[in-house]
Amino acid sequence: MTQAQTETREVRDTRQASETNCCVVGGGPAGVVLSLLLARKGVPVSLLEAHEDFDRDFRGDTLHPSVLELMDELGLAERLHELRHSKIHTGTIFTEEGQATIADFRRLRTRFPYIMMLPQKDFLAFVVEEAKRYPSFGLKMGARVEGLIEEGGVVRGVRYESRDGEHELRAALTVGADGRGSRVRHLGGFEQLKTSPPMDVLWFRIPRAETDPEGGVAFFGGGRGLVMLDRGEQWQVAYVILKGSYRQVRADGLVALRDKLAVAVPQFAGRFEQLRDWKQISMLSVESSRVKRWYKPGLLLIGDAAHVMSPVGGVGINYAIQDAVVAANVLAGPLRGGTLNVEHLKEVQRQRVWPTRLIQTLQTQIQKRLIAAALDPSRPFRIPPALRLLLRVPVLRNLPARIVGFGFKRVHVKP
Ligand SMILES: Cc1cc2nc3c(=O)[nH]c(=O)nc-3n(C[C@H](O)[C@H](O)[C@H](O)COP(=O)(O)OP(=O)(O)OC[C@H]3O[C@@H](n4cnc5c(N)ncnc54)[C@H](O)[C@@H]3O)c2cc1C
């Protein structure tokens, strides 16, 4: 049994459910951070997570400068840095025509000029341990939300299943932070606007040697795209494949995959030999979407539940946490004072929708112009001249690092 399980404090049962002000569905980055922030402000909050522990499927391990600054505002940055992690200071792209550093985080004005690579399960457990210090925080692991309680067009809580049976949890506000396949989004009947990225991604790890390049490196061209993130003794590798081609990749077999990888990055050919089982590989079906409206009376969506992000720039965790911070800033007072209304929920969307739209528009352009070109074996891949120019102009060259590091809008925890 994991630490998270043994120390789980049961949320109040059905009979006492009316005492819960906010029910957060999903213990991913958005859900745990929102729960912590509300609990700190004395708002009774109950977090329901479907899994029994935080060691769930791979979901990315990046914490960007914006998240580290937020942790600092909460007085948690130093303790977070005591956990075993590695740091990425630069992002470099290698093509047939040479290499270029496209993001240099060291030039950002921040105490944390790097991306911290920390296993997401450790980050989630860390935030939850912190939340447990507050008496208004309740957590139930292994609790899968299956229904919404709706009365007169207002969501009044959820129905969930756990090992000990079916439960109802009533709350003034329910927050769907249950990720890209959000059940809450589906139950609430939210309309999604989707775009169709041209790729899917295979994630896996290979050993890293001391003599390897540092930071984040990308190899593009010749019909292939690979991004590798430095995790100290390992590389976290994202291998980009054409949308919908995973079945074919599986059918061709692991040997064929290893051969393709070796052709794409010959200097790592030996390391790809470590891939011996499909269980070592996670497939990310790349999606990009957002809901038109993030709320309805009594219900709000945040994080991937509100907007599924393409992996370009690795900003999903960043954006999910920024949503949580804005939601806590706007909603803690009304939740505590019992004055919450739909205008407060609308305000959360108002603050978060345009940074989301901007980053998704940028990701779409990068997918169309850079990644689709890299996956086309019929023509040589070149870094677009506009990007090369941008990287040469001193006032503009920090833009990629700034957008990846902070998103389009920096957010702060309201004191
Ligand atoms: C393979 C992969 C790699 C990725 N790599 C990166 C990366 O390197 N950097 C980055 O920034 N982003 C990455 N992402 C995206 C990132 O994981 C998401 O953007 C981020 O996790 C969103 O956080 P969230 O809290 O909104 O949702 P999630 O992290 O998806 O959390 C949702 C939680 O809700 C729980 N849940 C679901 N349904 C229910 C239910 N019915 N009842 C109760 N609980 C429920 C789930 O178990 C889960 O714990 C990656 C995603 C994938 C799939």
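Author: Start with pairing: two strands pair if DSSP finds at least two bridges between them. Strands (E, at least two residues) and helices (H or I, at least four) are DSSP runs, numbered from the N terminus. This is a predicted model, where local features need pLDDT of at least 70 and side-chain atom pairs count only at pLDDT 80 or more, while totals for chains, interfaces and linings use all residues. Residues are numbered from 1 along each chain as its sequence is written.

Reader: What makes strand 17 a partner of strand 14 and of strand 16?

Author: Bridge counts again. Strand 14 (residues 199-207) and strand 17 (residues 234-242) share nine bridges, in the antiparallel sense. Met199 is partnered by Leu242 there. Strand 16 (residues 224-231) and strand 17 share seven, also antiparallel. In that pair, Leu226 stands opposite Tyr239. The hairpin of strand 16 and strand 17 has two residues between the strands, and Gly232 takes a positive phi near 75° in it.

Reader: Which domains does the protein have, and where do their bounds come from?

Author: The bounds come from an automatic or database domain assignment. That assignment gives domain 1 (3-195 + 287-406) and domain 2 (199-284). Their C-alpha centres lie 26 Å apart.

Reader: How many residues of each domain are in contact with the other?

Author: 23 residues of domain 1 are in contact with 24 residues of domain 2. Contact means that the C-beta atoms, placed from the backbone, lie within 7 Å. On the domain 1 side, strand 4, strand 5 (90-95) and helix 11 (342-374) each supply at least two residues. Strand 5 gives the most, with six. By class, that side has twelve nonpolar, seven polar and four charged residues. Ala, Val, Leu, Ile, Met, Phe, Trp, Tyr, Cys and Pro count as nonpolar; Asp, Glu, Lys and Arg count as charged; the others, Gly among them, count as polar.

Reader: Why are helix 10 and helix 11 called roughly antiparallel?

Author: Their axes cross at roughly 160° and come within 9 Å; helix 10 covers residues 316-337. Axes are lines fitted to C-alpha atoms, for helices over the stretch in contact, and angles run from 0 to 180 degrees between N-to-C directions. Angles over 145 degrees count as roughly antiparallel. Helix 10 and helix 11 are therefore roughly antiparallel to each other.

Reader: Which residues meet between helix 10 and helix 11?

Author: On helix 10 they include Tyr319, Val326 and Leu331; on helix 11 they include His344, Val348 and Ile359. The residues of this contact divide into eight nonpolar, three polar and three charged.

Reader: What makes strand 19 a partner of strand 13?

Author: Four bridges join strand 13 to strand 19 (residues 288-291), and the two run antiparallel. Gln192 has Val291 as its bridge partner. Helix 11 packs on their sheet, touching strand 13, strand 19 and strand 22; its direction makes about 160° with that of strand 19.

Methods:
Two residues are in contact if their C-beta atoms, placed from the backbone, lie within 7 Å. Angles under 35 degrees count as roughly parallel, over 145 as roughly antiparallel, 65 to 115 as roughly perpendicular and the rest as oblique.
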